[in-house]
Amino acid sequence: MRWMWIDQITTFEANRRMVAVKNVSLAEEHLHQHFAAGPDGPACPVMPMSLMIEGMAQTAGVLVGSVNRFREKVILAKVNDARIDREVIPGQTIRYDATIERMDAAGASTMGVIDVLDHRTGSWQRIGEISLMFSHIDANRSGLQFPEHNFVFSDNFRLILEQSGLGSLAD
Amino acid sequence: MALTSDEIFKKVQGVLVDALGVDEGDVTPDAVLTTDLGAESIDFLDITFRLDKAFTTPDRPFKIGQGELFPENLMANPDLVKDGKFTDAGMALLKEKMPHVNFAAFDIDRRVESVSELFTVKSLCDFVARKLGH
């Protein structure tokens, strides 16, 4: 089962923009290792920034895939730039806001911003920006062949689309 | 107003520094994108998108079509590539599609695996200048 790092899509503007949220919970096992208590101090559970890049990649990847109704196999090919200024702790909500900058038959570039909601104050705060490149792997320059079925957009992605009221995008 | 050769080089240099994470000083006219600057296949798409952005102005869009800068899907055609080398027809097509590239050395080699070494910083600058109508 593919690990999903977004919970729900909250905004969708066809061919242009997608926003998704992720609720960070202390029930997530990986937080207990990141970071566990040790000789240097007590436990410090924070959302790994590498997984926030993955969360943005899933948001932007679904957006790019939706342009061709998920017929293309959209693969994250390059993290052009990633800046995350602040740690996110359990109880907070992460918002990934991705926009397509440029797209053609070979792939797409996207720009995204990350905000975090602190439920104690009720306010969103901008904490990062991530620029990504996606490849349509069947159109790769080297002519490599891949399986015909679309292994990228699995049932998990479809479930999120359906639960976000966007199930018709993947029909 | 038309850009000078130096202005085009500076913009291309900036694109390559951002796309490939190399130092400005490494981006010399003769530098080969792959072997000298470490470009991989996805970087070519990134470079194409960044060139579009760098050379687009409010009154003049600059959009590179797919395969315009780096020809695609040639390798699988047996009329163009035979035994790992470009045929005469393949060479003719490469030259037609890439007038911005110097084929003098490659015409002797012709090996498919060497084709990526054709793309130098100067060939990118020549491509842009030609597309801008200079």
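The model is predicted, with local features needing pLDDT of at least 70 and side-chain atom pairs counting only at pLDDT 80 or more, while totals for chains, interfaces and linings use all residues. Residues are numbered from 1 along each chain as its sequence is written, chains are lettered from A and ligands numbered from 1 in the order in which they are written, and side-chain values use heavy atoms, without hydrogens and water.

Student: Why does chain A count as being as compact as a globular protein of its length?

Tutor: The radius of gyration is taken over C-alpha atoms, and the globule rule is 2.2 Å times the number of residues to the power 0.38. For the 171 residues of chain A that rule gives 16 Å, and chain A is as compact as a globular protein of that length because its own radius of gyration is close to this, at 17 Å.

Student: What share of the residues in chain A is buried?

Tutor: Buried means under 20% relative accessible area, exposed over 50%, and partly exposed in between, with a 1.4 Å probe and protein chains only. Of the 171 residues in chain A, the buried ones make up 48%.

Student: Is Leu76(A) buried or partly exposed?

Tutor: Leu76(A) sits in strand E3 (residues 74–84) of chain A. Beyond its neighbours within four places in sequence, Leu76(A) is in contact (heavy atoms within 4.5 Å) with Ala57(A), Leu132(A), Met133(A) and Phe134(A). Its relative accessibility is 36%, so Leu76(A) counts as partly exposed.

Student: How far apart are the C-alpha atoms of Leu76(A) and Ala60(A)?

Tutor: Leu76(A) and Ala60(A) are 16 residues apart along the chain, and the separation of their C-alpha atoms is 9.3 Å.
The box that the C-alpha atoms of chain A fill, taken along the principal axes, is roughly 50 × 35 × 30 Å, against which the reader may set that separation of 9.3 Å.

Student: Which helix of chain B has the highest mean pLDDT among the elements of that chain?

Tutor: The predictor's confidence in each residue, from 0 to 100, is its pLDDT, and the mean for chain B is 91, with 99% of its residues at 70 or more. Among the elements of chain B, helix H4 (residues 106–109) has the lowest mean, 89, whereas the highest, 97, belongs to helix H1 (residues 5–20).

Student: Is Ala39(B) buried or exposed?

Tutor: Ala39(B) lies in the loop between H1 and helix H2 (41–55) of chain B. Leaving aside neighbours within four places in sequence, Ala39(B) is in contact with Leu20(B), Leu33(B), Thr34(B) and Phe44(B). With a relative accessible area of 8%, Ala39(B) is buried.

How values were computed. Helices (H or I, at least four residues) and strands (E, at least two) are DSSP runs, numbered from the N terminus.
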